[in-house]
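Please look over the chain below before reading on. The paragraphs after it are meant to be read with the model open alongside.

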Amino acid sequence: ESVNYEDTQKFCQQLGWITGTKIRLPTEEEFMQAAGEIGEKNNITYSWTFDNTDGLTTRNIATTHVNPNGFYDLIGNVEEWVESGSQSPYAQILGGSVNTVIKNEFPKRQAIKRERSRTLGFRVIQE
């Protein structure tokens, strides 16, 4: 958490050097596929959002139920950066956070790549 988009790219590059594999942020499509049907319903069984937290405090990872695709925390807890074109000053953020109010649509927004927040993080894909 509390990382901007550039931080995520540096982390992926450095972890790739260490592991000898390609490490990257997921695309929006990959993230949505991992969230699956649960992401469409925004079920609080699989998420930490404003509806079941104090709206301020993030939770330890994997403290909700795992979704049917085998992933934790794709909805709520912290918003997550996804891969974006290098030319754009903006990137997509998906999943919402502990201060996201559950709605019918999947939580997503655009943010300027230099944004940092204690409720903004990322996950990676290892190829």
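Residues are numbered from 1 along each chain as its sequence is written, and side-chain values use heavy atoms, with hydrogens and water left out.

The pLDDT, which is the predictor's confidence in each residue on a scale from 0 to 100, averages 91 over the chain, and 95% of the residues score at least 70. Helices (H or I, at least four residues) and strands (E, at least two) are DSSP runs numbered from the N terminus; in these terms, confidence is highest in strand E1 (residues 23-24), at 98, and lowest in H2, at a mean of 81. Where pLDDT is low, the predicted coordinates should not be read in detail.

The sheet comes next. Two strands are said to pair if DSSP finds at least two bridges between them, and on that basis 4 strands form an open sheet in the order E6-E5-E4-E7, with mixed pairing. Strand E6 (108-112) and strand E7 (120-121) stand at the edges with a single partner strand each, so one side of each has no neighbour in the sheet. Strand E5 (residues 90-94) pairs with strand E4 (residues 79-81) in the antiparallel sense over 2 bridges, and Glu80 stands opposite Leu94 in E5. The pairing of E5 with E6 is also antiparallel, over 5 bridges, with Tyr90 standing opposite Ile112 in E6. Buried means under 20% relative accessible area, exposed over 50%, and partly exposed in between (1.4 Å probe, protein chains only); because 4 of the 5 residues of E5 are buried, that strand is largely enclosed by the rest of the structure.

Taking contact to mean heavy atoms within 4.5 Å, and not counting residues up to four places away in sequence, Thr8 touches Val3, Leu25, Trp81 and Phe122.

Thr45, by comparison, lies in the loop between helix H2 (28-41) and strand E2 (47-48), and Thr45 is partly exposed, with a relative accessible area of 35%. Once its neighbours within four places in sequence are left aside, Thr45 is in contact with Thr64 and His65. The C-alpha atoms of Thr45 and Asn67 are separated by 9.0 Å, the two residues being 22 residues apart along the chain.

Key
Predicted model: local features only at pLDDT ≥ 70, side-chain atom pairs only at ≥ 80, totals over all residues.
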